[in-house]
Every structure is written in structure tokens, then in C-alpha cells.
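Subject: Structure for your files

Hello,

Here is the structure I promised to hand over. My notes on it follow below.

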Amino acid sequence: MYPRKKADKKVDKKKEDMKMGNWENNIRKVVPYTPGEQPNQTDMIKLNTNENPYPPAPGVTEVLRNTDTDALRLYPDPAAKDLVHAIAGEYGLQDDQVFVGVGSDDVLAMSFLTFFNSEKPILFPDITYSFYDVWAELFRIPYERPALDEHFHIKKEDYFRENGGIIFPNPNAPTGVSLPLSDIEDIVEHNQDVIVIVDEAYVDFGTQSALPLIEKYENLLVVQTFSKSRSMAGMRIGFALACPKLIKYLNDVKYSFNSYTMNRMSIAAGVAAIEDQEYFLETCGKIIETREWTKKELRKLGFYFEESKANFIFAAHKNCPAEKLFQALRAQHIYVRYFPGGRTGNHLRITIGTRNEMEVFINFVREYLKRRIYGSFSTVVYR
């Protein structure tokens, strides 16, 4: 057999390169959301992912303890009617005004897919929940990010312009700053030809909900979650509240995507959590009280921050770089969240834990600052 010519080899190599590379042209590429670190250490204090430091309502424990595991071989109710009915009753709505999903992330992603289909850009703040731009990129939705002011406040006038839809958290994340209900209504009223989504993941810690506005504005969707105020981040339950027409559109997309989003245990546990209003108010009250105590202690140590109405504080110190403190805390197995770069680069987002956990955190920070400023570090026991 005669050897092939060099030109033939070049042609073959080009064909091979084309074979290997072409399939990637059809891949949907996106920079993914980065979730908070999930360490698993027995001695840790976990203040980095805005989880509730208290257990779920006692009724949730009872539901899980008495779960009929044989029923798990059967599909759950695709409409999650029991959970929908419980949520509707709690918020004074009809069942057809409630949509449920696997955490508020699932509800929000479904909402992006359902409602943001214009060629015009959707609007959300430049500093906010970092999943918004990920979903926009994933679903190829154009977007613009009006800048928060120098105090991390949303400027409502930035949303009084042509757009394909609006979404923002209230309180905002990671800043904790809330928007008055009157400003929210102004935004909705100026945008009645698009859907406005208010993401209320942290609303139960001291902010007025936009829920009263849904009877007045059929273009408003309010989204909440069981992850924060109801201590069920591990169960993944989120819900949307709106006029029946919006809920129907959401369900149409859901049933075109995945009929069985809620599992049997989530449905039953969610009902139990909703029914125990006394426990819900008690734990929210504890977190609010501890948050206010922590604010006072941080101010004494020279930290500055905007007024938070969430279960976290977004704080900075003019004499102590956030990254250095973040690393020092982490070395002690005290975890907070750090967002490097830009206007957030000198801030730490500190989730509110139990009073004891926050005392340990404050004690460590106090000693750390003493060492930086005075060069001394006392041998304090932090736990």
C-alpha cells in the first residue's frame, strides 16, 4: 500500500477537527449561579446562607415521623391541592390564586420562562439576587440592571420606562434594604403592560408584603418561600400569589415542563408548617430580636450598614477589609458570605443565628479587631 500524501493528511485532520468541534456549537452555555458554601462540621457556626437557626414547627416533625413510606411508590398529587389550599387559607386567598414549586428558585425560574418573553429587556437591580441574570442568560431574555443608589436603595424612577418585565426582591438581597409598599405600587402602576414580580423571600422579618396589591393589579406576582422564616430550606417549598389568570399561565408552563414538582413529604410537611402560625411568629420574633441586638454590637465595633429588614446584615468596616475578616472567621469555622469585587467587595453578609451563635461571632470579631488595631489578641474561648 502506498503512503498517503501530506495534503491528504491535512484534509483528514481538518475533517476530524470539524467532527470534534461542531457539536459544541449547539450547546446552551451559561455561567451558573454559585450557591453558598455548605460546610459540614460539628463545631461550626453557619451564618452564610440565610437559613433559619431554629427547627421547623413541631407538626413537621410529626408528619415526617409518621410518613407512610409505602405511599412513596405512588406519584404525588400534581396540583399539590392540600398545600395550595393551606397557603390560600393562610393568606386569605382562593386556591386558584396560589402556585407552588420546589423552592422559590423553581417558582421564579418558571416565572421567567412564562412571563418574560418580550424582545424588550427585563429590569432588575445591579446588586441583587445573583440568580436573576443566570435565568435571563439561560432563557435568552434581554435584561438591564439599573444601579442602586449610594445607600443600596432601589430608585423607583429607574423602573418607569419601557421594558419587558420587572423583578426585584423586597427586602433586597444581599443588602437587606426594603422598599416601602407605596414605592412598589408606583412601580407596578407605571408598568401595567408587563409582569412585575416581587420576590419576598425575607418579607417575614419586618417588611410589608406587596400581597394587598394583587387584588388591584393583575400584572403583579408575589413570590415567597418556606426556606427562611419557616425553617424548611432542606424541604424546598416556594409559592407564588397572584390573580387566577397569572397562576393559570404558570401552571400551563409547569405541566408542559414537569407535572410532579412537589413530592408527597414536602406537601404534607408544608401543610403542617403553615398550620402552626404561633410557632412561625415566635421564631421570626426571635430572629428579629437577635438581629437588632447584633446591629447594636456591630455598630459598637465600628461596622456600618444600611437598615436591614431581612434575617441577615450586609456590613462593612472602614478599617478592616472584609476578605481578611471572612478568612479569619472561616479559620474558626464561623461561616459568613463574602461577595468580592465592585461595590460589595468590602461587605460581609452575616446571617442571623441564635443569640448564642451571634454572641460567639461578636466575641471573635471584637478580639480580631483588637489584634489588628492594638496588636494584641486575648486567649478567649469562643464556644
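Accessible areas come from the Shrake-Rupley method with a 1.4 Å probe, and for residues only the protein chains shown count as cover. On that basis the chain exposes about 19400 Å², of which carbon and sulfur atoms supply 52%.

This is a predicted model, in which local features need pLDDT of at least 70, side-chain atom pairs count only at pLDDT 80 or more, and totals for chains, interfaces and linings use all residues. Residues are numbered from 1 along each chain as its sequence is written, and side-chain values use heavy atoms, with hydrogens and water left out.

Overall

The C-alpha trace spans about 80 × 60 × 55 Å along its principal axes. The chain has eleven helices and 13 strands (DSSP runs numbered from the N terminus: H or I of at least four residues for helices, E of at least two for strands). Of its 383 residues, 50% are buried (under 20% relative accessible area; exposed is over 50%, partly exposed in between; 1.4 Å probe, protein chains only). Counting contacts (heavy atoms within 4.5 Å) with a separation of 6 or more, 71% join residues 24 or more positions apart.

Cores

A nonpolar core here is a set of buried Ala, Val, Leu, Ile, Met, Phe, Trp, Tyr and Cys residues joined through side-chain atoms within 4.5 Å. The largest one has 90 residues, and Ile 87, Leu 220, Leu 241 and Phe 361 have the most contacts inside it. Helix α11 (residues 355-374) gives the most to this core, eight residues. A second, separate core of 28 residues includes Ile 197, Ala 242, Cys 243 and Leu 246. Apart from neighbours within four places in sequence, Ile 87 is in contact with Val 98, Val 100, Phe 226, Phe 239, Leu 241 and Ile 274.

Six of the six residues of β7 (residues 220-225) are buried, so the strand is largely enclosed by the rest of the structure. In a regular strand the side chains alternate between the two faces of the sheet. In β7, Leu 220, Val 222 and Gln 224 point one way, and Leu 221, Val 223 and Thr 225 the other.

Strands count as paired if DSSP finds at least two bridges between them. β7 pairs with β6 (residues 196-199) in the parallel sense over four bridges, and Asp 199 has Val 223 as its bridge partner. With β8 (residues 238-241) the pairing of β7 is antiparallel, also over four bridges; there Val 222 is partnered by Leu 241.

Ser 209 lies in the loop between β6 and β7 and is buried, at 16% relative accessible area. Beyond four places in sequence, its contacts are Leu 181, Glu 200, Val 203, Val 222 and Gln 224.

The four-stranded sheet

An open sheet with antiparallel pairing runs in the order β9-β10-β13-β12. β9 (303-304) and β12 (337-338) are at the edges with a single partner strand each, so one side of each has no neighbour in the sheet. β12 and β13 (residues 347-351) pair over two bridges, and Arg 337 is partnered by Arg 349. Helix α9 (residues 277-300) packs on the sheet, touching β9, β10 (312-317) and β13, and its direction makes about 0 degrees with that of β10. Helix α10 (residues 322-331) also packs on the sheet, touching β9, β12 and β13, at about 40 degrees to β13. For these angles, axes are lines fitted to C-alpha atoms, for helices over the stretch in contact, and values run from 0 to 180 degrees between N-to-C directions.

Regards
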